[in-house]
Amino acid sequence: MSSAGESSDTESSSYLYQYVPSLAAAAVAIAIFAILTIAHFYRLIKQRAWFCIAFAVGGLFETVGYVGRAIGHSNKDDRDPFIVQSILILVAPALFAATIYMTLGRLIRATNGAKYSIIRVTWMTKIFVVGDVLSFFIQGGGGGIMASGDPEKLKLGEKIILGALFLQIIMFGLFVLASIIFHYRMRKQRTPQSYDPDLKWETTLYVLYAVSAIIMIRNIFRAAEYAGGHNGALLRVEWPIYVFDALLMALTMVIFYWRYPPAKQLKVCKSEFSIEVPRAQMVDASGRFKEEISPEAGH
């Protein structure tokens with residue numbers, strides 16, 4: 001009987017952790033992500049930046065995910081906390097990405113720069129967010145298969161997650177390309193709306209570049225992790241997930257909070273998207289724009 005029990009324990013350990021999760025590292029991650037998540041929820045509510053909700057929820061996923069790893073310290077073979085940490089930490093960056101995509105779409109509209117976008121602005125957010133949501137559910141499904149307890153399905157789950165990560169990497173690459181082209185064209189021939197000092201369109205773009213690059217590095221790491229398989233070097237030790245995932249995602253949250261999107265300026269009504277600039281509107285030498293009202297305007 002005892003030998004059968006030992007065999008069962010060995011089998012369960014084979015598809016869960018290959019090490020004892022660090023309680024101290026998990027506790028630090030929980031504290032950091034909890035503070036950052038509270039800060040993001042506070043800011044989005046204060047500024048009514050509802051398009052940033054997905055970002056804050058991503059922080060919540062990170063927090064709960066590392067709670068699962070903390071529980072795993074004393075319950076290494078408990079499947080439930082393993083599933084929680086595996087799925088939530090894996091899919092959280094997809095929620096960060098959703099807000100990043102929506103921010104670019106709103107920024108293009110707020111600057112009246114739709115003509116500078118390589119993707120039709122009415123489709124931009126839809127294309128990127130749909131791709132992101134698809135990646136989100138595929139990763140979640142793959143994580144669920146891996147954590148199901150069936151060793152035979154382990155490789156299937158790894159392949160599914162790997163495919164979703166590659167989809168996310170491709171979407172990020174296309175997003176960055178679209179951002180750079182829009183940025184170049186806007187700098188070459190700026191619209192009057194882009195001179196609004198409160199919009200800070202260029203600063204917002206630089207923030208999007210920074211957080212996109214960080215998430216891209218993280219996704220490449222996770223892709224390499226799953227490409228190596230369950231017995232690969234990256235899954236046999238714990239430190240890579242804190243260096244190449246937790247640290248990078250915390251940095252993403254810090255940067256995005258530090259240079260938060262100007263929510264008020266990005267709340268552009270749909271009817272405003274197609275408004276053309278009046279001919280009498282001009283930009284002065286100081287970079288501010290002014291309007292000269294024609295005599296016909298009052299009639």
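Guide: Happy to! Let's start at Ala39, which lies in helix α2, residues 23-47. Helices here are DSSP runs of H or I with at least four residues, strands are runs of E with at least two, and both are numbered from the N terminus. Before going further, please keep in mind that this is a predicted model: local features need pLDDT of at least 70, side-chain atom pairs count only at pLDDT 80 or more, and totals for chains, interfaces and linings use all residues. Residues are numbered from 1 along each chain as its sequence is written, and side-chain values use heavy atoms, with hydrogens and water left out.

Ala39 is partly exposed, with a relative accessible area of 22%. The word "buried" means under 20% relative accessible area, "exposed" means over 50%, and "partly exposed" is in between, using a 1.4 Å probe and protein chains only. Along the chain, Ala39 and Tyr257 are 218 residues apart, yet their C-alpha atoms are separated by 8.0 Å. A charge counts as sitting over a ring if NZ of Lys or CZ of Arg is within 6 Å of the ring centre and within 35 degrees of the ring normal. Arg190 does this too, over the face of Tyr195, at 4.0 Å from the ring centre.

Helix α2 also holds Ala24, which is exposed at 55% relative accessible area.

Now for the wider view. The protein chain has 10 helices and two strands, and buried residues make up 46% of its 299 residues. An unreviewed UniProt entry lists several spans as "transmembrane region", among them residues 20-42 and 241-260; such annotations may be inferred rather than shown by experiment, feature names are shortened, and positions are given in the numbering used here. In the model, residues 20-42 are 87% helix and 0% strand, with their end C-alpha atoms 35 Å apart. For residues 241-260 the span is 90% helix and 0% strand, and the end C-alpha atoms lie 26 Å apart.

On to the rings. The structure holds 18 aromatic pairs. Rings of Phe, Tyr and Trp (its six-membered ring) pair if their centres lie within 6.5 Å; planes under 30 degrees apart count as stacked, over 60 as edge-to-face and the rest as tilted. One of these pairs is Tyr101 with Phe172, tilted, at 5.7 Å centre to centre and 50° between the planes. This pair links distant parts of the chain, 71 residues apart: Tyr101 is in helix α4 (residues 79-110) and Phe172 in helix α6 (residues 154-188). Tyr101 is buried, with a relative accessible area of 0%, and Phe172 is buried with 0% as well. Phe136 and Phe137 have ring centres 5.3 Å apart and planes at 85°, so that pair is edge-to-face. Within it, Phe136 is buried at 19% relative accessible area, whereas Phe137 is exposed at 58%. Finally, Phe55, Phe96, Phe256 and Tyr260 form one aromatic cluster.
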